[in-house]
Amino acid sequence: MAQFLPLMRDMAMDEFGAFEELRQHVKRVRQHTLDNLDYYLARFELEATNNGNQVHFASDGAELNSIVLDICQQHNARRVAKGKSMVTEETGLNHYLERGGLDVVETDLGEYIVQQAGETPSHIVGPALHKSRESIRDLFLEKHALGERELNEPADIVAEARRVLRETFLTADVGIIGANALVADTGYSMLVTNEGNGDLCANLPSVLIVCTTLDRLLPRGEDASAMQRLLVRSATGQPQTCYTSFYSGPRREDDSDGPLETHIVLLDNERTDILASDYREVLQCIRCGACMNHCPIFAAVGGHSYGSVYPGPVGSVLTPLLSSLEQAEALPNACTSCGRCAEVCPADIPLPDLLRDLRHDLSEQKVTPRRWRFGMRLHAFVAARPGLYRALTNLGFGLLARLGRKKGSFQHLPLAGGWTSARDFPAPQGKTFMAQYQARQAIDE
Ligand code: SF4
(Lines give C-alpha, C1' and ligand atoms only; values in the text may rest on other atoms or scores of the structure.)
Protein backbone atom coordinates (compact mmCIF):
# COMPACT_ATOMS: atom_id res chain seq x y z
CA MET A 1 0.00 0.00 0.00
CA ALA A 2 2.70 2.47 1.03
CA GLN A 3 4.37 2.31 -2.38
CA PHE A 4 1.11 3.20 -4.14
CA LEU A 5 0.40 6.33 -2.10
CA PRO A 6 2.64 8.65 -4.20
CA LEU A 7 1.00 7.38 -7.39
CA MET A 8 -2.48 7.82 -5.95
CA ARG A 9 -1.62 11.33 -4.77
CA ASP A 10 -0.20 12.29 -8.18
CA MET A 11 -3.28 10.94 -10.00
CA ALA A 12 -5.63 12.78 -7.64
CA MET A 13 -3.74 16.05 -8.13
CA ASP A 14 -3.73 15.68 -11.93
CA GLU A 15 -7.45 15.09 -11.90
CA PHE A 16 -8.01 17.96 -9.47
CA GLY A 17 -5.98 20.34 -11.64
CA ALA A 18 -5.83 23.23 -9.17
CA PHE A 19 -3.12 22.05 -6.79
CA GLU A 20 -0.84 25.08 -7.03
CA GLU A 21 -3.62 27.70 -6.71
CA LEU A 22 -5.19 25.99 -3.71
CA ARG A 23 -1.77 25.32 -2.16
CA GLN A 24 -0.86 29.01 -2.32
CA HIS A 25 -4.27 29.93 -0.89
CA VAL A 26 -3.95 27.47 2.01
CA LYS A 27 -0.39 28.63 2.64
CA ARG A 28 -1.53 32.28 2.85
CA VAL A 29 -4.34 31.32 5.24
CA ARG A 30 -1.99 29.25 7.42
CA GLN A 31 0.60 32.02 7.53
CA HIS A 32 -2.04 34.64 8.31
CA THR A 33 -3.42 32.50 11.15
CA LEU A 34 0.03 31.92 12.61
CA ASP A 35 0.83 35.64 12.33
CA ASN A 36 -2.33 36.40 14.33
CA LEU A 37 -2.43 33.32 16.53
CA ASP A 38 -3.18 35.24 19.73
CA TYR A 39 -6.31 36.78 18.15
CA TYR A 40 -7.59 33.52 16.68
CA LEU A 41 -6.88 31.59 19.87
CA ALA A 42 -8.91 34.08 21.92
CA ARG A 43 -11.71 34.01 19.32
CA PHE A 44 -11.77 30.21 19.27
CA GLU A 45 -11.81 29.99 23.05
CA LEU A 46 -14.71 32.44 23.24
CA GLU A 47 -16.81 30.71 20.57
CA ALA A 48 -16.06 27.20 21.80
CA THR A 49 -16.96 28.22 25.37
CA ASN A 50 -20.18 29.83 24.15
CA ASN A 51 -21.00 26.49 22.50
CA GLY A 52 -20.73 24.80 25.90
CA ASN A 53 -17.19 23.37 25.62
CA GLN A 54 -14.61 23.64 28.37
CA VAL A 55 -11.34 24.85 26.85
CA HIS A 56 -8.02 24.01 28.53
CA PHE A 57 -4.50 25.12 27.66
CA ALA A 58 -1.55 22.80 28.27
CA SER A 59 1.96 24.19 28.08
CA ASP A 60 3.55 20.74 27.71
CA GLY A 61 2.74 17.06 27.36
CA ALA A 62 2.73 16.41 31.11
CA GLU A 63 0.10 19.09 31.62
CA LEU A 64 -2.12 17.74 28.83
CA ASN A 65 -1.92 14.23 30.29
CA SER A 66 -2.78 15.46 33.76
CA ILE A 67 -5.76 17.52 32.49
CA VAL A 68 -7.16 14.51 30.62
CA LEU A 69 -6.69 12.13 33.56
CA ASP A 70 -8.39 14.62 35.90
CA ILE A 71 -11.42 14.80 33.62
CA CYS A 72 -11.61 11.01 33.43
CA GLN A 73 -11.33 10.68 37.21
CA GLN A 74 -14.01 13.32 37.81
CA HIS A 75 -16.36 11.04 35.88
CA ASN A 76 -15.15 7.81 37.50
CA ALA A 77 -14.27 6.61 34.01
CA ARG A 78 -12.90 3.13 33.53
CA ARG A 79 -12.70 2.79 29.77
CA VAL A 80 -11.57 5.28 27.13
CA ALA A 81 -12.26 4.95 23.39
CA LYS A 82 -9.58 6.80 21.45
CA GLY A 83 -9.52 8.08 17.91
CA LYS A 84 -6.24 8.62 16.08
CA SER A 85 -4.26 11.52 17.55
CA MET A 86 -0.57 12.19 16.94
CA VAL A 87 -0.68 14.80 19.69
CA THR A 88 -1.48 12.16 22.30
CA GLU A 89 1.32 10.00 20.84
CA GLU A 90 3.57 13.02 21.41
CA THR A 91 2.53 13.30 25.06
CA GLY A 92 2.44 9.54 25.79
CA LEU A 93 -1.17 9.87 26.94
CA ASN A 94 -2.14 6.19 26.65
CA HIS A 95 0.50 4.97 29.09
CA TYR A 96 -0.25 7.82 31.46
CA LEU A 97 -3.95 6.97 31.56
CA GLU A 98 -3.20 3.27 31.89
CA ARG A 99 -0.98 3.99 34.86
CA GLY A 100 -3.96 5.90 36.26
CA GLY A 101 -6.02 2.69 36.08
CA LEU A 102 -7.89 3.30 32.83
CA ASP A 103 -8.47 0.86 30.01
CA VAL A 104 -7.50 2.78 26.85
CA VAL A 105 -8.48 1.32 23.49
CA GLU A 106 -7.39 2.76 20.16
CA THR A 107 -10.25 2.54 17.68
CA ASP A 108 -8.63 3.60 14.40
CA LEU A 109 -7.84 0.25 12.78
CA GLY A 110 -4.15 1.05 12.17
CA GLU A 111 -3.73 2.44 15.68
CA TYR A 112 -5.56 -0.55 17.14
CA ILE A 113 -3.20 -2.92 15.32
CA VAL A 114 -0.04 -1.21 16.57
CA GLN A 115 -1.49 -0.97 20.08
CA GLN A 116 -2.21 -4.70 20.10
CA ALA A 117 1.30 -5.38 18.78
CA GLY A 118 2.85 -3.18 21.49
CA GLU A 119 4.36 -0.95 18.82
CA THR A 120 4.20 2.71 17.87
CA PRO A 121 2.81 4.14 14.60
CA SER A 122 5.27 4.15 11.71
CA HIS A 123 3.44 6.81 9.69
CA ILE A 124 1.24 9.74 10.70
CA VAL A 125 -1.60 8.76 8.33
CA GLY A 126 -1.17 4.97 8.14
CA PRO A 127 0.10 3.90 11.58
CA ALA A 128 0.33 0.20 10.60
CA LEU A 129 1.64 0.62 7.06
CA HIS A 130 4.71 -1.38 8.05
CA LYS A 131 2.67 -4.50 8.88
CA SER A 132 1.75 -7.25 6.44
CA ARG A 133 -1.70 -8.78 6.19
CA GLU A 134 -0.31 -12.07 7.50
CA SER A 135 1.23 -10.47 10.58
CA ILE A 136 -2.08 -8.72 11.37
CA ARG A 137 -3.99 -11.99 10.95
CA ASP A 138 -1.60 -13.77 13.33
CA LEU A 139 -1.85 -10.88 15.81
CA PHE A 140 -5.65 -10.98 15.86
CA LEU A 141 -5.70 -14.77 16.20
CA GLU A 142 -3.39 -14.44 19.20
CA LYS A 143 -5.07 -11.45 20.88
CA HIS A 144 -8.78 -12.08 20.33
CA ALA A 145 -10.20 -15.06 22.18
CA LEU A 146 -12.81 -15.81 19.52
CA GLY A 147 -12.23 -19.50 18.95
CA GLU A 148 -11.40 -21.41 15.75
CA ARG A 149 -11.53 -19.22 12.63
CA GLU A 150 -9.62 -18.23 9.54
CA LEU A 151 -8.74 -14.67 8.77
CA ASN A 152 -7.31 -15.00 5.31
CA GLU A 153 -9.12 -12.15 3.61
CA PRO A 154 -8.66 -8.47 4.51
CA ALA A 155 -12.46 -8.18 4.82
CA ASP A 156 -12.46 -10.90 7.53
CA ILE A 157 -9.75 -9.07 9.47
CA VAL A 158 -11.63 -5.76 9.24
CA ALA A 159 -14.92 -7.44 10.27
CA GLU A 160 -13.24 -8.92 13.33
CA ALA A 161 -11.79 -5.54 14.34
CA ARG A 162 -15.23 -3.98 13.91
CA ARG A 163 -16.81 -6.68 16.09
CA VAL A 164 -14.24 -6.27 18.87
CA LEU A 165 -14.25 -2.46 18.77
CA ARG A 166 -18.05 -2.20 18.83
CA GLU A 167 -17.93 -3.38 22.42
CA THR A 168 -15.45 -0.59 23.21
CA PHE A 169 -17.62 2.12 21.67
CA LEU A 170 -20.67 0.93 23.58
CA THR A 171 -18.96 0.66 26.95
CA ALA A 172 -16.50 3.58 26.94
CA ASP A 173 -17.10 6.31 29.50
CA VAL A 174 -14.89 8.86 27.74
CA GLY A 175 -14.05 9.43 24.08
CA ILE A 176 -10.76 11.08 23.08
CA ILE A 177 -10.12 12.34 19.57
CA GLY A 178 -7.72 14.68 17.78
CA ALA A 179 -8.60 17.50 15.40
CA ASN A 180 -7.41 18.27 11.88
CA ALA A 181 -8.51 21.88 12.27
CA LEU A 182 -10.03 24.27 14.79
CA VAL A 183 -12.36 26.89 13.35
CA ALA A 184 -11.99 30.20 15.17
CA ASP A 185 -15.17 31.94 14.07
CA THR A 186 -17.48 29.08 15.12
CA GLY A 187 -15.48 27.34 17.87
CA TYR A 188 -15.86 24.01 16.02
CA SER A 189 -13.23 21.29 15.66
CA MET A 190 -12.92 19.39 12.39
CA LEU A 191 -11.94 15.74 12.09
CA VAL A 192 -11.48 13.69 8.92
CA THR A 193 -11.48 9.88 9.03
CA ASN A 194 -12.14 7.02 6.68
CA GLU A 195 -13.52 4.63 9.26
CA GLY A 196 -16.06 6.72 11.15
CA ASN A 197 -14.45 5.66 14.42
CA GLY A 198 -13.83 9.31 15.34
CA ASP A 199 -17.57 9.99 15.22
CA LEU A 200 -18.33 6.96 17.38
CA CYS A 201 -15.71 8.06 19.95
CA ALA A 202 -17.15 11.57 19.87
CA ASN A 203 -20.84 10.71 20.10
CA LEU A 204 -21.35 7.51 22.10
CA PRO A 205 -19.45 8.12 25.40
CA SER A 206 -20.97 10.73 27.68
CA VAL A 207 -17.73 12.75 27.84
CA LEU A 208 -15.68 13.88 24.84
CA ILE A 209 -12.13 15.26 25.03
CA VAL A 210 -10.54 16.78 21.92
CA CYS A 211 -6.74 16.90 22.19
CA THR A 212 -4.90 19.02 19.68
CA THR A 213 -2.26 21.72 19.26
CA LEU A 214 -2.50 25.50 18.94
CA ASP A 215 -1.30 25.45 15.34
CA ARG A 216 -4.43 23.62 14.11
CA LEU A 217 -6.34 26.91 14.14
CA LEU A 218 -7.94 28.36 11.02
CA PRO A 219 -10.06 31.51 10.82
CA ARG A 220 -13.24 30.25 9.09
CA GLY A 221 -15.15 27.13 8.12
CA GLU A 222 -14.36 27.66 4.43
CA ASP A 223 -10.63 27.70 5.28
CA ALA A 224 -10.97 24.31 6.95
CA SER A 225 -12.82 23.05 3.90
CA ALA A 226 -10.09 24.35 1.52
CA MET A 227 -7.42 22.71 3.66
CA GLN A 228 -9.37 19.46 3.74
CA ARG A 229 -9.46 19.32 -0.09
CA LEU A 230 -5.68 19.42 -0.18
CA LEU A 231 -5.14 17.24 2.87
CA VAL A 232 -7.14 14.27 1.64
CA ARG A 233 -5.75 14.26 -1.89
CA SER A 234 -2.19 14.63 -0.57
CA ALA A 235 -2.61 11.90 2.05
CA THR A 236 -4.40 9.07 0.26
CA GLY A 237 -5.25 10.34 -3.22
CA GLN A 238 -8.96 10.35 -2.42
CA PRO A 239 -11.10 13.31 -3.53
CA GLN A 240 -12.86 13.07 -0.16
CA THR A 241 -12.46 11.09 3.02
CA CYS A 242 -15.46 9.00 4.01
CA TYR A 243 -16.21 11.19 7.04
CA THR A 244 -15.56 14.88 7.60
CA SER A 245 -17.11 15.99 10.89
CA PHE A 246 -17.39 19.30 12.67
CA TYR A 247 -17.97 19.07 16.43
CA SER A 248 -19.62 22.04 18.06
CA GLY A 249 -20.00 21.04 21.71
CA PRO A 250 -22.14 19.00 24.08
CA ARG A 251 -25.55 17.59 23.21
CA ARG A 252 -28.31 20.21 23.10
CA GLU A 253 -31.82 19.64 24.42
CA ASP A 254 -33.28 18.68 21.07
CA ASP A 255 -30.29 16.52 19.95
CA SER A 256 -30.95 12.79 19.83
CA ASP A 257 -27.36 11.86 20.68
CA GLY A 258 -23.95 13.29 21.48
CA PRO A 259 -21.79 13.73 24.58
CA LEU A 260 -23.13 15.44 27.66
CA GLU A 261 -19.83 17.18 28.38
CA THR A 262 -17.06 18.24 26.00
CA HIS A 263 -13.52 19.45 26.61
CA ILE A 264 -10.93 20.81 24.20
CA VAL A 265 -7.30 20.61 25.35
CA LEU A 266 -4.91 22.81 23.39
CA LEU A 267 -1.26 21.82 23.63
CA ASP A 268 1.62 24.22 23.12
CA ASN A 269 4.69 22.05 23.79
CA GLU A 270 7.30 24.36 22.18
CA ARG A 271 4.98 25.56 19.37
CA THR A 272 5.01 29.20 20.48
CA ASP A 273 8.82 29.05 20.64
CA ILE A 274 8.89 27.59 17.13
CA LEU A 275 6.53 30.36 16.04
CA ALA A 276 9.04 32.94 17.24
CA SER A 277 11.95 31.18 15.51
CA ASP A 278 13.26 30.94 11.94
CA TYR A 279 11.50 27.56 11.68
CA ARG A 280 7.93 28.86 11.98
CA GLU A 281 7.00 27.60 8.49
CA VAL A 282 6.98 24.04 9.80
CA LEU A 283 3.84 24.97 11.76
CA GLN A 284 1.99 25.35 8.43
CA CYS A 285 2.02 21.53 8.21
CA ILE A 286 -1.41 19.98 7.73
CA ARG A 287 -0.21 16.45 8.64
CA CYS A 288 -0.97 14.82 5.30
CA GLY A 289 2.08 12.53 5.24
CA ALA A 290 2.87 13.27 1.56
CA CYS A 291 6.47 14.25 2.36
CA MET A 292 6.98 10.81 3.94
CA ASN A 293 5.36 8.97 1.04
CA HIS A 294 7.66 10.68 -1.46
CA CYS A 295 10.90 10.62 0.56
CA PRO A 296 13.49 8.08 -0.69
CA ILE A 297 15.02 7.85 2.79
CA PHE A 298 11.65 7.12 4.44
CA ALA A 299 10.93 4.49 1.79
CA ALA A 300 14.29 2.82 2.48
CA VAL A 301 14.35 2.87 6.28
CA GLY A 302 10.66 3.09 7.35
CA GLY A 303 9.05 5.32 9.96
CA HIS A 304 10.30 3.55 13.07
CA SER A 305 13.94 4.26 12.18
CA TYR A 306 13.40 7.94 12.96
CA GLY A 307 12.80 7.07 16.61
CA SER A 308 10.28 9.88 16.96
CA VAL A 309 6.52 10.39 16.85
CA TYR A 310 6.74 12.41 13.63
CA PRO A 311 8.89 10.59 11.05
CA GLY A 312 9.99 11.56 7.54
CA PRO A 313 11.05 15.02 6.36
CA VAL A 314 8.61 16.99 8.52
CA GLY A 315 9.53 14.88 11.54
CA SER A 316 13.22 15.54 10.90
CA VAL A 317 12.48 19.26 11.19
CA LEU A 318 9.92 19.08 13.98
CA THR A 319 11.54 16.56 16.31
CA PRO A 320 14.74 18.56 17.05
CA LEU A 321 12.53 21.61 17.67
CA LEU A 322 10.20 19.75 20.02
CA SER A 323 13.04 18.06 21.92
CA SER A 324 16.54 19.41 21.34
CA LEU A 325 19.24 19.41 18.69
CA GLU A 326 21.33 17.10 20.88
CA GLN A 327 18.57 14.51 21.22
CA ALA A 328 17.69 14.47 17.52
CA GLU A 329 21.08 15.22 16.01
CA ALA A 330 20.92 12.51 13.34
CA LEU A 331 17.55 13.50 11.86
CA PRO A 332 18.45 16.67 9.92
CA ASN A 333 21.35 14.75 8.42
CA ALA A 334 19.13 11.88 7.25
CA CYS A 335 18.25 13.77 4.09
CA THR A 336 19.67 13.68 0.56
CA SER A 337 18.26 17.16 -0.25
CA CYS A 338 16.50 15.71 -3.29
CA GLY A 339 13.70 18.24 -2.78
CA ARG A 340 10.81 15.87 -3.52
CA CYS A 341 9.15 16.59 -0.16
CA ALA A 342 8.99 20.32 -0.88
CA GLU A 343 7.52 19.68 -4.34
CA VAL A 344 4.58 17.69 -2.98
CA CYS A 345 3.99 19.48 0.32
CA PRO A 346 0.49 21.01 0.11
CA ALA A 347 1.47 23.64 2.69
CA ASP A 348 4.49 24.65 0.56
CA ILE A 349 6.91 24.23 3.46
CA PRO A 350 10.54 24.52 2.29
CA LEU A 351 11.52 21.33 4.13
CA PRO A 352 15.00 20.88 2.55
CA ASP A 353 15.86 24.52 3.42
CA LEU A 354 14.74 24.03 7.03
CA LEU A 355 16.75 20.80 7.25
CA ARG A 356 19.82 22.59 5.89
CA ASP A 357 19.33 25.38 8.45
CA LEU A 358 19.13 22.79 11.23
CA ARG A 359 22.41 21.28 10.00
CA HIS A 360 23.90 24.75 10.15
CA ASP A 361 22.63 25.14 13.74
CA LEU A 362 24.06 21.73 14.63
CA SER A 363 27.44 22.87 13.40
CA GLU A 364 27.26 26.37 14.90
CA GLN A 365 26.24 25.02 18.30
CA LYS A 366 29.00 22.41 18.06
CA VAL A 367 26.56 19.51 18.40
CA THR A 368 28.04 17.99 15.25
CA PRO A 369 31.29 16.12 16.07
CA ARG A 370 34.46 18.13 15.56
CA ARG A 371 35.78 15.91 12.74
CA TRP A 372 32.55 16.42 10.77
CA ARG A 373 32.78 20.15 11.16
CA PHE A 374 36.40 20.07 10.04
CA GLY A 375 35.43 17.89 7.07
CA MET A 376 32.65 20.28 6.04
CA ARG A 377 34.96 23.28 6.28
CA LEU A 378 37.52 21.46 4.17
CA HIS A 379 34.85 20.52 1.64
CA ALA A 380 33.60 24.14 1.48
CA PHE A 381 37.16 25.36 0.92
CA VAL A 382 37.78 22.92 -1.91
CA ALA A 383 34.29 23.21 -3.47
CA ALA A 384 34.73 26.99 -3.72
CA ARG A 385 37.83 26.43 -5.91
CA PRO A 386 36.73 24.48 -9.03
CA GLY A 387 40.26 23.90 -10.33
CA LEU A 388 41.43 22.45 -7.02
CA TYR A 389 38.17 20.46 -6.68
CA ARG A 390 38.64 18.84 -10.09
CA ALA A 391 42.32 18.11 -9.49
CA LEU A 392 41.62 16.45 -6.11
CA THR A 393 38.58 14.45 -7.28
CA ASN A 394 40.53 13.23 -10.33
CA LEU A 395 43.40 12.20 -8.08
CA GLY A 396 41.14 10.44 -5.55
CA PHE A 397 39.04 8.85 -8.24
CA GLY A 398 42.09 7.47 -10.06
CA LEU A 399 43.62 6.19 -6.84
CA LEU A 400 40.47 4.42 -5.64
CA ALA A 401 39.78 2.98 -9.11
CA ARG A 402 43.30 1.53 -9.24
CA LEU A 403 43.32 0.17 -5.66
CA GLY A 404 39.84 -1.32 -5.94
CA ARG A 405 40.22 -2.72 -9.44
CA LYS A 406 40.68 -6.32 -8.31
CA LYS A 407 37.79 -6.71 -5.85
CA GLY A 408 35.52 -3.98 -7.18
CA SER A 409 34.89 -2.65 -3.67
CA PHE A 410 36.53 -1.80 -0.34
CA GLN A 411 35.76 -3.36 3.01
CA HIS A 412 37.81 -0.73 4.84
CA LEU A 413 38.58 2.82 3.87
CA PRO A 414 40.17 5.64 5.89
CA LEU A 415 37.59 8.30 6.95
CA ALA A 416 34.71 6.10 5.75
CA GLY A 417 34.44 3.72 8.69
CA GLY A 418 30.77 4.60 9.25
CA TRP A 419 29.99 3.37 5.76
CA THR A 420 32.25 0.32 5.61
CA SER A 421 31.15 -0.95 9.04
CA ALA A 422 27.82 -1.94 7.47
CA ARG A 423 28.50 -2.30 3.72
CA ASP A 424 31.25 -2.38 1.13
CA PHE A 425 32.29 0.82 -0.58
CA PRO A 426 32.16 0.36 -4.38
CA ALA A 427 35.33 1.18 -6.30
CA PRO A 428 34.81 3.98 -8.86
CA GLN A 429 34.26 2.91 -12.45
CA GLY A 430 34.24 4.79 -15.73
CA LYS A 431 34.84 8.53 -15.62
CA THR A 432 34.05 11.24 -13.10
CA PHE A 433 30.82 13.21 -13.45
CA MET A 434 32.72 16.32 -14.54
CA ALA A 435 34.68 14.39 -17.17
CA GLN A 436 31.44 12.91 -18.57
CA TYR A 437 29.75 16.31 -18.48
CA GLN A 438 32.59 18.02 -20.32
CA ALA A 439 32.71 15.22 -22.91
CA ARG A 440 28.99 15.57 -23.53
CA GLN A 441 29.25 19.34 -23.84
CA ALA A 442 32.04 18.93 -26.38
CA ILE A 443 29.76 16.63 -28.46
CA ASP A 444 26.84 19.06 -28.22
CA GLU A 445 28.99 21.91 -29.48
S1 SF4 B 1 5.25 18.84 5.84
FE2 SF4 B 1 3.84 19.12 4.10
S3 SF4 B 1 3.84 17.12 3.07
FE4 SF4 B 1 4.72 16.76 5.12
S5 SF4 B 1 3.01 16.13 6.40
FE6 SF4 B 1 3.19 18.37 6.60
S7 SF4 B 1 1.84 19.24 5.04
FE8 SF4 B 1 2.12 17.10 4.52
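A salt bridge here is a side-chain nitrogen of Lys or Arg within 4 Å of a carboxyl oxygen of Asp or Glu. I kept that in mind while going through this model, which is a predicted one.

**Entry 1: neighbours in sequence**

I began with Asp215 and Arg216, which form a salt bridge with their closest N and O atoms 3.1 Å apart.

**Entry 2: the whole count**

How many salt bridges does a search of the whole structure find? I got 21. I picked a few of them to look at one by one.

**Entry 3: Asp35 and Arg280**

I looked up Asp35 next and found a salt bridge to Arg280, with 2.7 Å between the closest N and O atoms. This pair joins distant parts of the chain, 245 residues apart. Asp35 sits in helix α2 (residues 19-35), while Arg280 belongs to the loop between α12 (271-275) and α13 (290-293). I also checked the exposure of Arg280: its relative accessible area is 29%, so I noted it as partly exposed.

**Entry 4: Lys82 and Glu106**

Another salt bridge brings together the side chains of Lys82 and Glu106, at 2.9 Å from N to O. Which strands hold the two residues? Lys82 is in strand β2 (residues 79-82) and Glu106 is in strand β3 (residues 103-106), so their bridge ties together parts 24 residues apart in sequence. Buried means under 20% relative accessible area. Lys82 has 1% relative accessibility, so I put it down as buried. Glu106 also comes out at 1%, and therefore counts as buried.

**Entry 5: around the ligand**

I turned to the ligand and listed what surrounds it. Among the residues around it are Cys285, Cys288, Cys291 and Cys345, together with Arg287, Gly289 and Pro346. Val314, Ile349 and Leu351 are also in that list. I sorted the shell by type and got 10 nonpolar residues, one polar and one charged.

**Entry 6: two crossing helices**

Last, I looked at helix α7 (residues 109-116) and helix α8 (residues 133-143). Their axes come within 10 Å and cross at roughly 65 degrees. The crossing is left-handed. Which residues meet there? From α7 I wrote down Leu109, Tyr112, Ile113 and Gln116, and from α8 Ile136, Leu139, Phe140 and Lys143. By type, the residues of this contact are six nonpolar, one polar and one charged.

Note on methods:
Residues are numbered from 1 along each chain as its sequence is written. This is a predicted model: local features need pLDDT of at least 70, side-chain atom pairs count only at pLDDT 80 or more; totals for chains, interfaces and linings use all residues. Side-chain values use heavy atoms; hydrogens and water are left out. Helices (H or I, at least four residues) and strands (E, at least two) are DSSP runs, numbered from the N terminus. Buried means under 20% relative accessible area, exposed over 50%, partly exposed in between (1.4 Å probe, protein chains only). A residue is near a molecule or strand if one of its heavy atoms lies within 4 Å of it. Ala, Val, Leu, Ile, Met, Phe, Trp, Tyr, Cys and Pro count as nonpolar, Asp, Glu, Lys and Arg as charged, and the others, Gly among them, as polar. Axes are lines fitted to C-alpha atoms, for helices over the stretch in contact, and angles run from 0 to 180 degrees between N-to-C directions. A crossing is left-handed if the near helix is turned anticlockwise from the far one by less than a right angle, and right-handed if clockwise. Contact means heavy atoms within 4.5 Å.
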